[in-house]
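I opened this entry to look up pockets, salt bridges, the disulfide and cavities. My notes follow in the order I took them.

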Amino acid sequence: MSGAAKLVTLRSALALALLAALASPAPGGAAPPGRLPGLVRGLSDASYFNSPDPAVRALGLQRTRQAAGRFVRIQLSWSYVTRKASTPELARDPGWDGYEFDYVDRIVREAVAAGLEPLVVVKNAPAQFEAPRRWRFAPRGTWAPSPAAYGDFAVAVARRYSGEWPDRRHPGATLPRVRYWQAWNEPNHPAYLQPQWIAQDGRWLPYSPTHYRRMLVAFDAGIHAWQPDAVVLTAGTAPIGEADGVGRMPPVRFWQSFFCLGRPPALSPSPCPSPARFDVFAHHPFSVGDPDRARRPPDDASIADLHRLLRILHAAERTGRAGGAVPHPVWVTELNWDSRPPDPKGLPAALQRRWIARALYRMSAEGVQAVFWHFITDPPDPRHPAGLWHDDDPRGRAFGRPKPALAAFRFPFVAIRGTEARVRVWGLLPGPGATRAAIDRRVHRRWRRVGSVAVSAAGVLEGELAVRGSAVLRARAGFTVSPAWRVGPG
């Protein structure tokens, strides 16, 4: 084995050992798969992690670390990897010559070598595995993909990234292990899965939830056949929907149908063939506005509405519709807000910082255990400038310039007044090591320490302090300082 290959293998082992230690249960009790301490962060951006340019991929990994991320969310296109027709036996073979995994191998190697944990999203079906009579307006790869074929492909990727498959680019070495897998993306959105609805007896009935459940069961079985301790996530669902039969299915409507719990608002258990199996429940609670403001449509679920989905999940767990009564961790695998500039309708920097910190606090309080920011830099679509870094200016003036939002994602901090004399603070440090964090108050343009609070092993700071009147506060651990937070007098 070459020196470089040994280094990659050693780094891979160290990174996996670190994440395994983070996810291990406390003594005296077994934790469900996918349970993490505190609130873990990651980044999701296919333009970086799937880039053919090694410099772009390296920059994406570097920026993930700068944002205090531990995970990278990698897109694996089933249709791109599959280059020719196959039989089920061939489809389950990760070494089959009809597969082209090179681009996935590259980013998995590089992510693990950088000390980051990959979460791989498997989506986009090859045409041969879509259902017949495909609607001509349906995006390729979305038309009722074959659950059996999806399960066969899951076997292939679980074997290839088991930590034991030979790495042909580095003779004598093996490809790193991928432990975290996400089955599809936003199955309640017609851009990713169709059909969403079917007409029967003059009314529209949900179709995508039942079909996606079959896909998820097959995918979960395929992954766990070769990696029993792997972590399988549901697809993150889009936060809003339309009326029955029109476009996106609202997430509350989707998940109740998925778990055979009837139609909202009541939870009405019904017979459920092939109950769902998964380890982590995922959602995408994008919020155009204030994270503390609930969506008016009762079947939507933004940040302030996560309880609507947790109610469904807990009912499914109690009734055996989620693979048993074991509680499932909840992850948010996409989150962002547009910024102003460049979007004249986006959030100004100060408000965006505040909403990001408040959103992370709310999600942590709801029990969310991982949050992925979607987009490292602004995507090519000028209507959605939601990156943590500004779009790279071709004239070189903005290259690498972080937005103020980055500081809030990296070190979120909030203060909540409980009484006229007491303030409760919460924050999440960028890294481990500190056992206490100082809390400073701005007085006449200078910062004065007003107390300190304990920091957990996962980097969460939380406590109460005596603070009267309006105040601008910040958290500090060594030389690492959070953005400031203004708290009112009452």
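**Entry 1: the largest pocket**

I began with the largest pocket, which holds about 1,200 Å³ of space. The model is predicted. I listed the lining and got 43 residues. Closest to the pocket centre are Phe286, Asn336, Asp338, Phe375 and His384.

Which elements give two or more residues to this lining? I found helix H2 (46-49) and strand S2 (71-77). H2 gives the most, with 3 residues.

I then sorted the lining of the largest pocket by class. It has 16 nonpolar, 12 polar and 15 charged residues.

**Entry 2: the second largest pocket**

I moved on to the second largest pocket, with about 300 Å³ of space. Its lining counts 17 residues. Leu205, Pro206, Thr210, Arg253 and Ser257 are the closest to its centre.

By class, I noted 7 nonpolar, 6 polar and 4 charged residues in the lining of the second largest pocket.

**Entry 3: salt bridges**

How many salt bridges does a search of the whole structure find? I got 23. Side chains of opposite charge can pair when their charged atoms come close. I followed up several pairs.

Arginine 109 pairs with aspartate 167, and their closest N and O atoms are 2.7 Å apart. I placed arginine 109 in helix H6 (residues 102-113). Aspartate 167 sits in the loop between helix H7 (147-160) and strand S4 (180-183). The pair therefore ties together parts that are 58 residues apart in sequence. Buried or exposed, these two residues? Arginine 109 and aspartate 167 are both buried.

Next I took aspartate 244 and arginine 263, whose side chains meet in a salt bridge at 3.0 Å, N to O. Aspartate 244 lies in the loop between strand S7 (231-233) and H9. Arginine 263 lies in the loop between H9 and strand S8 (281-283). I looked up accessibility for each partner. Aspartate 244 has a relative accessible area of 26%, so I logged it as partly exposed. Arginine 263 is also partly exposed, at 48%.

My next pair was glutamate 464 and arginine 424, with an N to O distance of 4.0 Å. The pair links distant parts of the chain, 40 residues apart. Glutamate 464 is in strand S17 (residues 460-466), and arginine 424 is in strand S14 (residues 422-428). Glutamate 464 counts as partly exposed because its relative accessibility is 43%. Arginine 424 is partly exposed as well, at 34%.

**Entry 4: the disulfide**

I searched for disulfides and found 1 in the structure. A disulfide is a covalent bond between the sulfur atoms of two cysteines. Here the partners are cysteine 260 and cysteine 272, with sulfur atoms 2.1 Å apart. The link of cysteine 260 and cysteine 272 is right-handed, with 60° about the S-S bond.

Where do the two cysteines lie? Cysteine 260 is in the loop between H9 and S8, and cysteine 272 is in the loop between H9 and S8 too. The bond therefore ties together parts that are 12 residues apart in sequence.

Why does cysteine 260 count as buried? Its relative accessible area is 8%, and buried means under 20%. Cysteine 272 counts as buried too, at 17%.

**Entry 5: cavities**

The search of the whole structure gave 2 cavities of 30 Å³ or more. About 90 Å³ of space lies in the largest cavity. I counted 13 residues in its lining. The closest to the cavity centre are Leu39, Arg41, Arg70, Leu429 and Ala458.

By class, the lining of the largest cavity comes out as 9 nonpolar, 2 polar and 2 charged residues.

Notes
Residues are numbered from 1 along each chain as its sequence is written. This is a predicted model: local features need pLDDT of at least 70, side-chain atom pairs count only at pLDDT 80 or more; totals for chains, interfaces and linings use all residues. Side-chain values use heavy atoms; hydrogens and water are left out. On a 1 Å grid over the protein atoms alone, a cavity is a set of points where a 1.4 Å probe fits but cannot get out, and a pocket is an open set with protein on both sides within 12 Å along at least five of seven lines; lining residues have an atom within 4 Å of a point. Grid points are joined across faces, edges and corners, and a volume is the space filled by probe spheres set on the points. Helices (H or I, at least four residues) and strands (E, at least two) are DSSP runs, numbered from the N terminus. Ala, Val, Leu, Ile, Met, Phe, Trp, Tyr, Cys and Pro count as nonpolar, Asp, Glu, Lys and Arg as charged, and the others, Gly among them, as polar. Buried means under 20% relative accessible area, exposed over 50%, partly exposed in between (1.4 Å probe, protein chains only). A disulfide is a pair of cysteine sulfur atoms within 2.5 Å.
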